Amino acid sequence: MSTAQNPLKFAWLEITGLCNEFCDHCYADSSPKGTHGMMTKHNWASTIDQLADIGAEDVQFIGGEPTLHPNLPELIEHAHARGLGIEVFSNLTHIRSHLWKTFIECRVKLATSYYSDTAEQHDEVTRLRGSHKKTRANIKKALELGIPLRGGVVTVRPEQRARQGLQDLLDLGVEQVGGDRTRAFGRASKGAVPAINDLCGHCAHEKCAIGPDGAVWPCVLGRFLVLGNIRETPLAKIWGGKQMTEVAAKITSVHGEGVSACAPPQFLPMCGPCGPCVPSVGHCDPREADSTATIGSPA
């Protein structure tokens with residue numbers, strides 16, 4: 001598929017592997033032991049410029065926990081100046097006052113993960129005492145400030161009050177809430193080799209992810225499929241290049257053309273093909289619509 005047929009519209013910018021939480025199911029295997037990698041502020045600014053130059057429309061800053069990166073405000077400002085739409089995916093436990101100001105001035109959207117309506121269950125998942133209280137308080141603050149925010153509830157444990165957590169987000173005023181199951185990547189894989197079959201199939205279709213060391217992936221979950229490295233090769237050459245063509249062919253060989261599965265909505269703000277899942281849908285993968293393991297409408 002040519003770049004004209006498959007323009008790059010969206011990119012995840014994984015600016016750090018450092019996180020103050022240590023969730024069992026973290027697909028990025030981020031933790032308090034993570035680092036900001038080898039990408040400097042200049043590298044990230046150049047990446048943003050390259051994205052804008054080839055016509056990208058939106059970026060999402062992720063981690064790890066992106067708010068722990070010292071250059072996040074400047075990078076947001078740079079992306080805004082280049083005309084890119086911006087979303088920050090954060091656990092919302094570490095938002096400094098100056099960052100709220102940046103969010104407002106640069107019209108940033110927020111996204112967060114939420115695991116239960118009870119602090120005990122949420123904190124058990126994040127392994128950070130007090131995380132539920134901080135996340136919930138900052139959800140309320142974001143909404144009070146008029147900052148658009150969406151939430152994702154990931155089912156991690158059988159006894160988890162996921163439905164109640166979803167309802168709690170709705171009661172707080174979060175209008176866009178999605179649900180997902182644990183994906184077998186990162187720590188959640190429990191040592192298993194990642195497989196293309198576990199991806200949704202939309203990888204490298206109008207989107208890519210860029211990691212802390214400059215690696216370019218077809219999506220945040222497909223980091224075992226490397227398209228190139230932006231510290232070594234311009235993005236314009238990586239996108240549609242030989243490595244990308246080979247990776248795309250591998251994905252198509254497994255999922256086929258015109259896949260119908262949705263990307264996990266807590267990862268992808270421009271989730272396709274049917275848009276972000278909402279409580280009335282009750283699932284994020286059409287192939288699992290009847291699964292009792294997925295999150296449905298709150299009771």
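Student: At what angle do helix α4 and helix α5 pack, and how far apart are their axes?

Tutor: In this predicted model, helix α4 (residues 119-126) and helix α5 (residues 131-144) pack at an angle of about 105°, and their axes lie 8 Å apart.

Student: Why are α4 and α5 called roughly perpendicular to each other?

Tutor: Set the value against the cut-off. Angles of 65 to 115 degrees count as roughly perpendicular. The angle here is about 105°, and therefore α4 and α5 are roughly perpendicular.

Student: Which residues in α4 and α5 meet?

Tutor: From α4 come Ala119, His122, Asp123 and Thr126, and they meet Ser131, His132 and Thr135 of α5. Sorted by class, this contact has one nonpolar, five polar and one charged residues.

Student: What makes Arg127 partly exposed?

Tutor: Partly exposed runs between the buried limit of 20% and the exposed limit of 50%. The relative accessible area of Arg127 is 49%, so Arg127 counts as partly exposed.

Student: How do you know that Leu92 counts as buried?

Tutor: Buried means under 20% relative accessible area. Leu92 has 0%, so Leu92 counts as buried. Leu92 also has a positive phi of about 60° without being a glycine, and its place is the loop between β3 (85-89) and α3.

Student: What makes α2 roughly parallel to α3?

Tutor: Helix α2 (residues 72-81) and helix α3 (residues 97-105) pack at an angle of about 10°, with axes 10 Å apart. Angles under 35 degrees count as roughly parallel, so α2 is roughly parallel to α3.

Student: Which residues of α2 and α3 meet?

Tutor: On the α2 side they are Leu72, Pro73, Ile76, Glu77 and His80, and on the α3 side His98, Leu99, Thr102, Phe103 and Glu105. By class, that contact has five nonpolar, three polar and two charged residues.

Student: What is the peptide bond from Gly63 to Gly64 like?

Tutor: The bond from Gly63 to Gly64 is cis, with omega near 25°. Gly64 sits in the loop between β2 (58-62) and α2.

Student: How far does α8 reach, and what is expected for its residues?

Tutor: Helix α8 (residues 242-255) has 14 residues and reaches 20 Å from its first C-alpha to its last. That is close to the 20 Å expected at 1.5 Å a residue.

Student: Which residues of α8 are buried?

Tutor: Met244, Val247, Ile251 and His255 are buried in α8. They cover an arc of only 70° around the axis, which puts them on the same side of α8.

Conventions
Residues numbered from 1 in each chain as written. Predicted model: local features only at pLDDT ≥ 70, side-chain atom pairs only at ≥ 80, totals over all residues. Heavy atoms only, no water. Helix = DSSP H or I, 4+ residues; strand = E, 2+ residues; numbered from the N terminus. Expected span 1.5 Å × (residues − 1). Buried < 20%, exposed > 50% of the residue type's maximum accessible area, 1.4 Å probe, protein only. Arc of directions from axis to C-beta. Axes fitted to C-alpha atoms, helices over the stretch in contact; angles between N-to-C directions. Parallel < 35°, antiparallel > 145°, perpendicular 65-115°, else oblique. Contact = heavy atoms within 4.5 Å. Nonpolar A, V, L, I, M, F, W, Y, C, P; charged D, E, K, R; others polar.
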